[in-house]
Amino acid sequence: MRITIVPAGPKTSAATIRQLLNKAPASVDVYGVYRSIYKVPAEFLSHKNFHAVCGDIEDASSLDLSGSDAVMTSTPPFFSGEDPFAKTEEVSNNVKGAVERAGGIKRLMLLSSMGAEFAEGVGEIKTNHIAEKVFRSTNVPELLFVRCGYFMENWTMFNLQTLRGSDPYLNSLITPIDFQLPMVAVEDIGSTFATGLLSSYAPPSKPYVFALHGPKEYSPNDVQAAFSEAMGKQIPLKAIEKDQLADFFSTFIPPNLVGTWVEMSCSFLPGGVAAPGSDGIENVDIVRGKVELGKAIKDAVEAGI
């Protein structure tokens with residue numbers, strides 16, 4: 001059996017590869033498609049069942065998925081200032097075309113996000129809506145779309161500088177700070193995709209869409225408690241209110257993308273189109289991961305944040 005991850009660079013792809021190499025039988029070969037072979041983790045290169053190949057989802061002619069039985073794909077965020085929605089449609093069609101050209105691929109799994117059912121009002125998450133729309137008509141027997149909750153690791157990504165300071169603190173883009181959201185660890189994403197790519201179980205529909213959440217919902221207050229425990233001291237929490245989001249994102253996102261990121265953040269807050277319990281949210285199966293928030297935060301802190 002041959003399983004291909006394209007693109008293989010994102011952390012969710014790396015987590016999937018790691019899980020596959022740990023749990024797959026010796027008869028399974030794992031292929032990772034990288035824009036640059038020099039960025040392949042050494043831990044993968046040392047494994048006899050792993051194979052790195054060159055390919056760029058932005059260049060359709062570079063993608064060769066021949067021989068694959070199952071494929072995982074995802075749409076990375078675009079920060080270059082280009083239209084992220086047009087780029088998403090382009091790269092999704094590139095991967096879709098490669099899957100169909102390969103022939104023989106039985107299962108395609110797409111990393112998506114909660115809120116992907118909405119065509120408008122969700123900002124950057126619209127990229128997931130576009131990707132789902134493109135891949136929905138892929139000519140393969142089985143399609144699975146995995147709509148993940150808020151990544152637990154986002155708390156580290158958005159707070160690297162503040163947590164590394166002499167007086168560390170947390171910014172929370174989620175307000176109010178007692179508001180609970182579905183969150184999920186990248187480790188659980190990798191495990192779920194590895195299980196799905198290896199499974200012979202036929203999904204109940206095409207596409208089969210399901211949500212992936214952590215063991216329970218969490219609030220910013222829970223995140224603060226997790227960081228305080230992991231770092232051995234009280235870590236203050238600073239709420240970034242809705243009217244402050246634009247200034248926050250302006251510090252590291254191109255100006256033309258700030259509005260889409262603000263809209264995305266607001267869409268999950270109380271009153272937002274994709275907030276838990278809001279009208280219009282699709283009723284899909286929910287799969288629960290095993291990694292608690294505390295473990296995910298502890299792992300991030302021990303890794304040097």
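**Legends: a predicted single-chain model**

**View 1. The segment 12–259.** Over residues 12–259 the chain is 36% helix and 20% strand, with the end C-alpha atoms 26 Å apart. Helices (H or I, at least four residues) and strands (E, at least two) are DSSP runs, numbered from the N terminus. This is a predicted model, in which local features need pLDDT of at least 70 and side-chain atom pairs pLDDT 80 or more, while totals for chains, interfaces and linings use all residues. Residues are numbered from 1 along each chain as its sequence is written, and side-chain values use heavy atoms, without hydrogens and water. An unreviewed UniProt entry places the feature "domain: NmrA-like" at residues 12–259; such annotations may be inferred rather than shown by experiment.

**View 2. The open sheet β7-β9-β11.** Three strands form this open sheet in the order β7-β9-β11, with mixed pairing. β7 (150–151) and β11 (217–218) are the edge strands, each with a single partner strand, so one side of each has no neighbour in the sheet. Two strands count as paired if DSSP finds at least two bridges between them.

**View 3. The β9–β11 pairing.** Strand β9 (residues 181–184) pairs with β11 in the antiparallel sense over 2 bridges. The bridge partner of Leu181 is Tyr218 in β11.

**View 4. The chain as context.** The chain holds 11 helices and 13 strands. Its C-alpha atoms fill a box of roughly 50 × 40 × 35 Å along the principal axes. Buried residues (under 20% relative accessible area, 1.4 Å probe, protein chains only) make up 54% of the 305 residues. Among contacts (heavy atoms within 4.5 Å) with a separation of 6 or more, 75% join residues 24 or more positions apart.

Terms used:
Buried < 20%, exposed > 50% of the residue type's maximum accessible area, 1.4 Å probe, protein only.
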